[in-house]
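Q: Could we go through the aromatic contacts in this model? I would like to start with the ring pairs and then turn to the charges.

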Amino acid sequence: MKGEVKKVVLAYSGGLDTSIILRWLQDQYQCEVVTFTADLGQGEELEPARKKAQLMGIKDENIFIDDLREEFVRDFVFPMFRANALYEGVYLLGTSIARPLISKRQIEIANLVGADAVSHGATGKGNDQVRFEMGYYALKPDIKVIAPWRIWDLSSRTKLLDFAEKHQIPIAKDKRGEAPYSTDANLLHISYEGKALEDPWVEPFEDMYTRSVSPEKAPDKPTYVEVEFEKGDAVAIDGVRMTPAQLLTKLNELGGANGIGRLDLVENRFVGMKSRGVYETPGGSILIVAHRAMESLTLDRGESHLKDEIMPRYAELIYNGFWFSPERIALQQMIDHISLNVSGVVRLKLYKGNVTVVGRKSEKSLYRLDYVTFEEDSVYDQRDAQGFIKLNALRMRLAKMARG
């Protein structure tokens, strides 16, 4: 492997696995390593990653720690929520939507420092390897990708710990035992997988959750909140305008305090196997209910139903790693056009794990009381419905007469 790569940009968290990968890259390729750590709102202090990289011989100019929270919500989460994207009907794609941004920034750094390779810490069993690498190749077709988990011989936790000790890589005390689950976090969600959760019959431990109280322990009094939208994006909470990241942070606080956003899911991975994941997405769970409520008032029936038809396809593209694909971009353009009139305010009641719409208003509203009222009106001749029904029933009447 020596000499195959001159400089590699590693997606680096500062944790045990990526620290081992860092040293492994240095040993195997004898190349210059550049570390990239993304702040996506995971809620952890990231400066320790800088110190760990420095301890492992990485030059200061080769250490990148970037605050991407606003870009993450503005350019990735919000476009996805304009589509009401849910994978397999329930999953809000919190992990999936973060990967294209990490890939994008890695390639930007590679171009900046003149690197000829990028590397990630995803395993050969999961979806993330696909998501990262689809992003790399879409943005830099000739980039070399190094995926250590697919090629090294460190095939067990014991071998990883032995490698860390041999190379004096700091090991967190809790890594000495078997962790009950693994996690991935960003501003949209946190996921829990593996170990104790691998049996889909076993209920998650309550002390596992970090972003929400249990619905049982949520306040006995409901919380009311108003979310304002402009062209499909949330822009204010209770009349206070916020940046995208600030707004999602606030919704996370409100949702978490009211036991909102927990999901226990057995999902179909793109690589072919099923996996069990538990997710907390408090702010996103509020946002998608509010967004659909705003659409119910402002979208034409045809627009609304078309969006519902394409949503599963759009969600699957994100889950499978096709964010930069031509078809996802084309769908996004249609979704964004449909969203131009999705503006107004939605009022919600948050109570013990539930999000209930209790009001909505918009200057772009298509709701007309004079048409829908049960009181006397002069804008709708109910006798017109007879011909409408007969014309729509004609093909079924003909089929029945022909076939008996």
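A: The answers below concern ring pairs and charges over rings in a predicted model.

Q: How many aromatic pairs does the structure hold?
A: The structure holds 10 aromatic pairs. One of them joins Trp149 and Trp152 in an edge-to-face arrangement, at 5.1 Å centre to centre and with 65° between the planes.

Q: Is Trp152 buried or exposed?
A: Trp152 is buried, at a relative accessible area of 11%. Trp149 is partly exposed, with a value of 22%; the limit for buried is under 20%.

Q: Which residues do ring pairs link into a cluster?
A: The cluster consists of Trp24, Tyr29, Trp149 and Trp152.

Q: Moving on, why is the pair of Phe270 and Phe322 edge-to-face?
A: The planes of the two rings stand at 70°, and planes over 60 degrees apart count as edge-to-face. The ring centres of Phe270 and Phe322 are 6.1 Å apart.

Q: Where do Phe270 and Phe322 lie?
A: Phe270 is in the loop between strand 11 (262–268) and strand 12 (274–280), while Phe322 is in the loop between helix 9 (301–320) and helix 10 (326–338). The pair therefore ties together parts that are 52 residues apart in sequence.

Q: What is the relative accessible area of Phe270, and what is that of Phe322?
A: Phe270 has 38% and is partly exposed. Phe322 is also partly exposed, with 24%.

Q: Now the charges: which ring does the charged end of Arg328 sit over?
A: The charged end of Arg328 sits over the ring of Trp323, 3.5 Å from its centre.

Q: And which ring does Arg131 sit over?
A: Arg131 has its charged end over the ring of Tyr319, at 4.8 Å from the ring centre.

Methods: Residues numbered from 1 in each chain as written. Predicted model: local features only at pLDDT ≥ 70, side-chain atom pairs only at ≥ 80, totals over all residues. Heavy atoms only, no water. Phe/Tyr/Trp six-rings, centres within 6.5 Å; stacked < 30°, edge-to-face > 60°. Buried < 20%, exposed > 50% of the residue type's maximum accessible area, 1.4 Å probe, protein only. Helix = DSSP H or I, 4+ residues; strand = E, 2+ residues; numbered from the N terminus. Lys NZ or Arg CZ within 6 Å of the ring centre and 35° of its normal.
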